[in-house]
Amino acid sequence: QVQLVESGGGLVQPGGSLRLSCTASGSIISINTMDWYRQAPGKERVVVATIAIDGTTNYAGSVKGRFTISRDNAKNTVYLQLNSLKPEDTAVYYCRLWTSYSTGYWGQGTQVTVSS
């Protein structure tokens, strides 16, 4: 069974930065795409960024130019660098790991709060 552990969330002022990490462990044979989602209170969970095994990335329009997703395959880890943070970025951030086109796993979530 695959387990994902997230870290790096916290409280930051507008314009600040955070770096989120998500590390996978367990019965991992291979890792395909890794994603970051976020969910604000009372809102649906939405995708923020994705990164394929070859390093190609995609971002939600709301975070383009501010967030950067990256991966370290040797460490089974995906990162999300959050820069120029806005109050609207406040949410619980979840990583998602795909071991096939149809099998995915969720991290436990890490809280990001942007407030002055």
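Let me begin with a contact between two side chains: Asp 89 and Arg 38 meet in a salt bridge, at 2.9 Å from N to O. I use the term salt bridge for a side-chain nitrogen of Lys or Arg within 4 Å of a carboxyl oxygen of Asp or Glu.

Before I continue, please note that this is a predicted model, in which local features need pLDDT of at least 70 and side-chain atom pairs count only at pLDDT 80 or more, while totals for chains, interfaces and linings use all residues. Residues are numbered from 1 along each chain as its sequence is written, and side-chain values use heavy atoms, with hydrogens and water left out.

Where do Asp 89 and Arg 38 lie in the chain? Asp 89 is in the loop between β8 and β9, whereas Arg 38 belongs to strand β4, residues 34–39; the pair is 51 residues apart and links distant parts of the chain. Strands here are DSSP runs of E with at least two residues, helices are runs of H or I with at least four, and both are numbered from the N terminus.

The structure holds 2 salt bridges. In the other, Arg 66 pairs with Asp 89, and their closest N and O atoms are 2.7 Å apart. Arg 66 sits in the loop between β6 (57–59) and β7, and Asp 89 in the loop between β8 and β9, so this pair ties together parts that are 23 residues apart in sequence. Through shared partners, the salt bridges join Arg 38, Arg 66 and Asp 89 into one network.

Are these residues buried or exposed? Asp 89 has 1% relative accessibility and counts as buried; Arg 38, at 11%, is buried too, and Arg 66 is likewise buried. The terms are set by relative accessible area: buried is under 20%, exposed is over 50%, and partly exposed lies in between, with a 1.4 Å probe and protein chains only.

I turn now to the disulfide. The count comes to 1 disulfide, the rule being a pair of cysteine sulfur atoms within 2.5 Å. Cys 22 and Cys 95 form it, with their sulfur atoms 1.9 Å apart. The link is right-handed, with 55° about the S-S bond. Cys 22 lies in strand β3 (residues 18–26) and Cys 95 in strand β9 (residues 91–98), so the pair ties together parts that are 73 residues apart in sequence. Cys 22 is buried at 3% relative accessible area, and Cys 95 is buried at 0%.

Next, the strands. An open sheet of 4 strands runs in the order β1-β3-β8-β7, with antiparallel pairing; two strands pair if DSSP finds at least two bridges between them. β1 (2–7) and β7 (67–72) stand at the edges with a single partner strand each, so one side of each is left without a neighbour in the sheet. Ser 70 stands opposite Tyr 79 in β8.

Met 34 stands opposite Ile 51 in β5. Ile 51 also has Thr 57 in β6 as a bridge partner. β5 and β6 run antiparallel with 3 bridges, and form a hairpin with 5 residues between them, where Gly 55 in the turn has a positive phi of about 95°.
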